[in-house]
Structure formats: structure tokens, C-alpha cells
Amino acid sequence: MKISLRKIKAIIAMKFQTLVSNTSVILAPILALGFVFIMKRIMPDVDVNEAGMNFSTSGFVLSFGLIFNIAIAGISMSSSPLAEEKEKNTLRVLMTSSVNGLEYLIGTLIPPLIILIIVNILMIPVSGASFADLQLGSYFVISTVSSVISLLIGYVVGIFSKNQTQASLIGMPITLILTSVPVLKFLQEDFGQFLNYTYTGVLTNYSNSIFSGDGYQWNVTDSVVLFGWLLVSTIVFVYAYKKNGIDG
């Protein structure tokens, strides 16, 4: 399948305008920053790192903000615009033109991914952490791969939705489960072990461990979980696309 950079650039420009003008979608990353800003100021500063227990207010707030941005904003920024275009038949017009599925996917993936990455970076100072506290390479890889996973999940939701309302209903339980990971891991230690096998669990582990004495250390479990989720979400997306088409 041949791709045209000119068409991809045109789709990227169109998508940026669509995202910025869609208040319900663009509000999610802004809310993520706002909630983190407020939580950092109302929560007491606690930094416990003893007897096998690690807790840091900055780490907890950072993981909450990252997961809010990546899970809620990420899924809604891909599912809602896709469902809206199907609802208004603009997608069918676009797909019956000379734009192919791969060009559409690349062009629509880049704008929300850039927004997510920018907000993920802004989340560091807003949460009270400093760039010197973090291993920025690991932070960038984990947060960016997680963002791509959420966007792919959102596309699958959008493919199986006929309109924005249906996309919201299907996406709500998924985002609810993914965003509850930091709190459940803190409150339910046994259940928290199971949550380590989610990509938001990897994000939480990273945020919690960067303020521990040894910092975050890449390990086999986190790597397999993160890239396993990326592989599975890609396979599910390809299956959904082949079965229904992007405008099915």
C-alpha cells in the first residue's frame, strides 16, 4: 500500500483543527493538568521509603495525572473524533476519495500523540517533581508507548461505534478500569499484583519507584507487559479494521 506524505500532512492539519475545536475532547488533557495541580496543593507532602513500603505524594500525583491524560484523554481523542466523522458522514467522503486507510491512520494518530506527549512532559513540574528526579529516557519511552496503546484502543472503540454517544458508553468502563489502577494498587495490595499486568500498572510502578532510593529499574515484567499490550492492541486494531473497515 503506497502512502503520500502530502495527503498525510493534510490529514494532520485537519485533525489538529478538529481536536482543538472539539471542547469535550481537548478538555481531558487540560483537566489532567488541573487535577494534578490541585491535588499537589491539597495533599500533604509524604515521602515514605522504609520497611518495604514506598509512597511519595509527588509520585502518586504524577501517576494519577499520567494515567488520566493517557487513558481518558488518549482513548477519547481517538474514539470520539472517529465516531463523530462517521456520524456526520465526513469519514465516508474522505475514504471514498484517494486517501487510503494507512494514510488516514498515520495522519490521525500523530496529532493526538503530540498533544499527549506535551502534556506528559508538562505533568512533571506540575506534579511537583523535577526533571532531575526522573530518568527521562525511561519516562519518555513508557509514557509514549502507553499513549500509543490508548490511542489504538480508542480507534477500536471508534470502529465499533456508530456515533459519539455510543463511543462514550463503550469507552467509559475501559477508562474507569484503567484510571483506577493507582488507587487500587495503593488500597488493595493483593489485587495490585494483578494490576501490574496492565500498561497503566507499569506507569504506576514507574511513578512510585522514581522517588525510592534506587529509582526505577527496567525489568523483564514491565517490558513484556508494556510491549505485550502494544502488540495485542495493534493486532486487535488490525482485526477490527479488516472486519469493519475504518468507516464500518
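This is a predicted model: local features need pLDDT of at least 70, side-chain atom pairs count only at pLDDT 80 or more; totals for chains, interfaces and linings use all residues.
The structure holds 6 aromatic pairs, and one of them is formed by Tyr139 and Tyr206, whose rings are tilted, with 6.0 Å from centre to centre and 50° between the planes. This pair links distant parts of the chain, since Tyr139 belongs to helix α6 and Tyr206 to helix α10, 67 residues apart.

## A pair within helix α11

Phe237 and Tyr241 form an aromatic pair of the stacked kind, with ring centres 6.3 Å apart and an angle of 20° between the planes. Because Phe237 and Tyr241 are 4 residues apart in helix α11, about one helical turn separates them. With regard to accessibility, Phe237 counts as buried at 7%, whereas Tyr241 is partly exposed, with a relative accessible area of 28%.

Phe35, Phe64 and Phe68 together form one aromatic cluster. A charged residue also meets a ring in this model, in that Arg41 lies over the face of Phe37, at 3.8 Å from the ring centre.

## The largest nonpolar core

The largest nonpolar core contains 57 residues, and the members that touch the most others are Met123, Leu134 and Tyr139. Two or more residues come from each of the helices α1 (5-21), α2 (23-42), α3 (57-87), α5 (101-126), α6 (136-159), α10 (199-209) and α11 (220-244), and α3 gives the most to this core, with 12 residues.

Which residues does Leu134 touch, not counting residues up to four places away in sequence? Leu134 touches Leu62, Ile124, Ala129, Tyr139, Tyr206 and Ile210, a list that includes both members of the tilted pair described above, Tyr139 and Tyr206.

## Annotated transmembrane regions

An unreviewed UniProt entry lists residues 20-39, 59-83, 104-124, 136-157, 169-187 and 224-241 under "transmembrane region"; such annotations may be inferred rather than shown by experiment. In the model, residues 136-157 are 100% helix and 0% strand, and the C-alpha atoms at the ends of this span are 31 Å apart. Residues 224-241 are likewise 100% helix and 0% strand, with the end C-alpha atoms lying 25 Å apart.

Key
Residues are numbered from 1 along each chain as its sequence is written. Side-chain values use heavy atoms; hydrogens and water are left out. A nonpolar core is a set of buried Ala, Val, Leu, Ile, Met, Phe, Trp, Tyr and Cys residues joined through side-chain atoms within 4.5 Å. Buried means under 20% relative accessible area, exposed over 50%, partly exposed in between (1.4 Å probe, protein chains only). Contact means heavy atoms within 4.5 Å. Rings of Phe, Tyr and Trp (its six-membered ring) pair if their centres lie within 6.5 Å; planes under 30 degrees apart count as stacked, over 60 as edge-to-face and the rest as tilted. A charge sits over a ring if NZ of Lys or CZ of Arg is within 6 Å of the ring centre and within 35 degrees of the ring normal.
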